[in-house]
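This report describes a single protein chain.

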Amino acid sequence: MNRTTISLIAAATALAAVTGFASLTAPDGTASAGDRTPARLPVERTSLLCPAPSNSELAETRYTSFTPPAAKDSGAQSGETEADSAELKPSAAALAVPDASEKEDGKKADKAGKGGAKQPADKAVVALKEPGKPVSAEANGGEAPALVGTATGRLAPGWTAQQTTTVGAGGARGVLGVNCTAPDTDFWLPGASLAESRQDYVHLTNPDDSGAVADIELYGKDGALKTTLTDGIPVPAGSSVPVLLSTLTADKAEDVTVHVTTSTGRVGAVVRAAEDGTGSDWLSAAADPSGSAVLPGIPADATSVQLVAFAPGDADADLKVQLAGATGTITPAGHETLHVKSGMTATVDLADVTRGEAGSLILSPAEKGRRTPVVAALRVVRGKGAKKEIAFIPAAAPVGPRASVADNRAKGSVLSLTAPGAAAEVKVTASAGTGGGSQVVKTYKIKAGTTLAVTPPVPAGLKGSYALTVETVSGGPVHASRTLELAKDGIPMFTVQTLPDDRGMVAVPDARQDLSVLDD
């Protein structure tokens, strides 16, 4: 038996930097010494996917790309290098399904959204040049494609992109905002609907050079809905496929949870929801199933709030429902707890729960020691009568060390910060604008069990839009969201994006540690 000693550190470090995950294991299955004291290094490659915005000819879309500057002690390279790149390019196919308001045509659209949209050129729509300075681009009309992109070098850690679309009239009118998503193999999207008044499409986008196959499961109040699919949905390399949810099942359900997985490859998955007479917006994936959940940033003037929750495991979940407001945490009258049966979607109508004071919903185990995993989201309505608008707030992971959101305007942005446990302090940086201006930094303290809703700082001499970066300074975990209001004709059109940890830094093993392997 020959003994050969090799160093796996370089390979593991590269894997961690590209994928955000790596670990080393000794031959006997135990963790290496390096795992006990991992270094934290910036990622070197990040991918993002933006769904096709709309097929309404009235659509006006702005894409904004941003990477926060690296911290001095992050280990990131200083100065521009040839490896620095962050570009969003058109996917291989543009959205080619009818507008959500055109129901007759919508019924004729096939499940894969095939059509005669023009193939866009392989040219970057948005190209970021340096950290700390966002860039934007605009596209009007209904043929704007989905975008796929990759950031490398200094532009990879914390890279974020925002897609904001305004549709001023029609059944799909509203402000549709979405943080472009990272590709993955598993997404939970509670809050979709098969109601007659809704037209919901799940958009599947494949960033890779090989095809992917996605599976979609739908769960209503009585459990899994019978699907019309016999095979998975193919998503060609570099393409985006919109799927009308109502074509996937003959069953009827007002509220559903969508579960997207892949059997081959990886995709990005988001739902575009349009509701007759109420507006439209994107529903992003909720945080991974957990025994507790925080849904941050319900607007103070919300006229209707609906909670949708799902328990994906084998056990039922009993949840305590609380609202964290400006001064503390309360229990909504008549909705102290929520019972969620295993494999079934539960809904609660919380009406105007905020009553003039912005807040965040907190779900936790009703019984200590019984943490049954759930996923959750909120459907939020502002306005009344014919002047209503809809948005969604999925359960959000904590900000962690750092999180960013792009496309903030001089007016209309609200930043919500929630500390569900211990009190916390955060630093908020308003970047330079896309057209000029200089960054501004402000610190906020959040009391335990409260939500702090503030008008965020605006860059000095702002021109264009800007990005906000939230960094945890001290205390317990903080959950955050940004509300962007772009009112039109008396309609409070708005969208809400959460700010989960940007995962710009990853833990890698101690570079001093070698592993030994035995060869026969």
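Is A351 buried, exposed or partly exposed? A351 is partly exposed, its relative accessible area being 33%; buried denotes a value under 20%, exposed a value over 50%, and partly exposed the range in between, with a 1.4 Å probe and protein chains only.

## Basis of the model

The model is predicted, so that local features require a pLDDT of at least 70 and side-chain atom pairs count only at pLDDT 80 or more, while totals for chains, interfaces and linings use all residues. Residues are numbered from 1 along each chain as its sequence is written, and side-chain values use heavy atoms, with hydrogens and water left out.

## Overall composition

The chain contains three helices and 40 strands. Of the 520 residues, 53% count as buried.

A contact is defined by heavy atoms within 4.5 Å. Among contacts between residues at least 6 apart in sequence, 82% join residues at least 24 apart.

## Residues with positive phi

A351 lies in strand β25 and has a positive phi of about 55 degrees, although it is not a glycine. D407, in strand β29 (residues 402-408), is likewise not a glycine and has a positive phi of about 60 degrees. Whereas A351 is partly exposed, D407 is buried, with a relative accessible area of 0%.

## Strand β21 and its partners

Seven of the nine residues of strand β21 (residues 302-310) are buried, and the strand is thus mostly covered. Strands are said to pair if DSSP finds at least two bridges between them. Strand β21 runs antiparallel to β27 (residues 375-384), to which eight bridges join it; V305 stands opposite V380 in β27. Six bridges, also in the antiparallel sense, pair β21 with β25 (residues 345-351), where D349 stands opposite Q306.

## Strand β22 and its partners

Strand β22 (residues 317-324) is mostly covered, with six of its eight residues buried. Its antiparallel pairing with β26 (residues 359-365) comprises six bridges, and V321 stands opposite L363 in that strand. With β24 (residues 337-340), β22 pairs in the antiparallel sense over four bridges, and A317 stands opposite V340.

A further antiparallel pairing, over two bridges, links β22 to β23 (residues 329-330). Here L323 stands opposite I330, and the two strands form a hairpin with four residues between them.

## The buried threonine T257

T257 is found in strand β17 (residues 256-264) and is buried, with a relative accessible area of 0%. The T257 side chain makes a polar contact with the side chain of T345 at 2.9 Å. Such a contact is a pair of N or O atoms within 3.5 Å; within protein, one must be able to donate a hydrogen and the other to accept it, and residues adjacent in sequence count only if both atoms are side-chain atoms. Not counting residues up to four places away in sequence, T257 touches W188, L189, P190, E217, L218, Y219, F310 and T345.

## The disulfide

The structure has one disulfide, a term for a pair of cysteine sulfur atoms within 2.5 Å. The bond is formed by C50 and C180, whose sulfur atoms are 2.0 Å apart. The pair links distant parts of the chain, 130 residues apart: C50 belongs to strand β3 (residues 45-50), and C180 to the loop between β10 (174-179) and β11 (186-192). The torsion about the S-S bond is about 105 degrees, so the disulfide is right-handed. Both cysteines are buried.

## The cavity

The structure holds one cavity of 30 Å³ or more. A cavity is a set of points, on a 1 Å grid over the protein atoms alone, where a 1.4 Å probe fits but cannot get out, and lining residues have an atom within 4 Å of a point. Grid points are joined across faces, edges and corners, and the volume is the space filled by probe spheres set on the points. The largest cavity has a volume of about 40 Å³.

The lining of the largest cavity consists of L49, P51, T181, H203, T205, G268, A269 and V270. Strands β12 (198-205) and β18 (268-275) are the elements that give two or more residues to this lining, and the largest share, three residues, comes from β18. One of the lining residues, P51, has its C-alpha atom 7.5 Å from that of P145, 94 residues apart along the chain. P145 is found in strand β8 (residues 145-152) and is buried, with a relative accessible area of 13%.

Conventions
On a 1 Å grid over the protein atoms alone, a cavity is a set of points where a 1.4 Å probe fits but cannot get out, and a pocket is an open set with protein on both sides within 12 Å along at least five of seven lines; lining residues have an atom within 4 Å of a point.
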